[in-house]
Amino acid sequence: MILKGTGDVHVVGEASDGREVPAAVAEHRPDVVLMDIRMPGVDGLTATETLRRRPGAPEVLVLTTFDADEFVLRALRAGAGGFLLKDTPPGQIRDAVLRVARGEATLSPSVTRQLITHVTTAPPPDRGTAGRRLDQLTTRELDVALAVAQGKSNAEISADLFMSVATVKAHVSRLLTKLDLNNRVQIALLVHDAGLA
């Protein structure tokens, strides 16, 4: 109901169970799927993992009442472009859908705080595996990956690294392909796992 009332977001379909998501996406071909975690049958995190493994998958924005660390991290590692809590004001949900459609990451402020706390207090990940994945990058690609991990936009990376925005976008696309990742959030997580951010 929230999204149907906006002029720039069009709801093309709905699914009430995670099992229905792949068929609904195939039928309606949305740019963004707004995914709830708690659904009967297949939960939203499993549905996100399944959906984001498919070629040409739409972006996923998780909207839920649950903000536990394991849900946030699992959603982001599965390829979700954002994670919002259901108490987010309607206008911010609409804005988040539009940002995720543009390939930008978005998190609720409380989720961001939790994620920062988790990242700074959690035991270190297997840095060797993440580092080996990053070793396949050129120096310039690694520069772009580090900038993405710092949360910089394409325009900011362009200015910092003295390259056009189109070149930054090309580098980000190559990073996603080379590293077999779905979005910028996953690039940032990999850089963090390697101990470089």
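What share of the contacts in the protein with a separation of 6 or more comes from residues 24 or more positions apart? Such residues account for 60% of these contacts, where contact means heavy atoms within 4.5 Å.

## Basis of the model

The model is predicted: local features need pLDDT of at least 70, side-chain atom pairs count only at pLDDT 80 or more, and totals for chains, interfaces and linings use all residues. Residues are numbered from 1 along each chain as its sequence is written, and side-chain values use heavy atoms, with hydrogens and water left out.

## Composition and surface

The protein has ten helices and four strands, taken as DSSP runs (helices: H or I, at least four residues; strands: E, at least two) and numbered from the N terminus. Their order from the N terminus is α-β-α-β-α-β-α-β-α-α-α-α-α-α.

Of the 197 residues, 41% are buried, meaning under 20% relative accessible area with a 1.4 Å probe, protein chains only. The protein exposes about 10,500 Å², of which carbon and sulfur atoms supply 54%; accessible areas come from the Shrake-Rupley method with a 1.4 Å probe.

The four strands form an open, parallel sheet in the order β1-β2-β3-β4; two strands pair if DSSP finds at least two bridges between them. β1 (32-35) and β4 (106-107) are at the edges with a single partner strand each, so one side of each has no neighbour in the sheet. Four bridges join β1 to β2 (residues 59-64), and Met35 stands opposite Val62 in β2.

Helix α4 (residues 90-101) lies across β1, β2, β3 (82-85) and β4, at about 155° to β2. The angle, on a scale from 0 to 180 degrees, is taken between N-to-C directions of axes fitted to C-alpha atoms, for helices over the stretch in contact.

Key
Buried means under 20% relative accessible area, exposed over 50%, partly exposed in between (1.4 Å probe, protein chains only).
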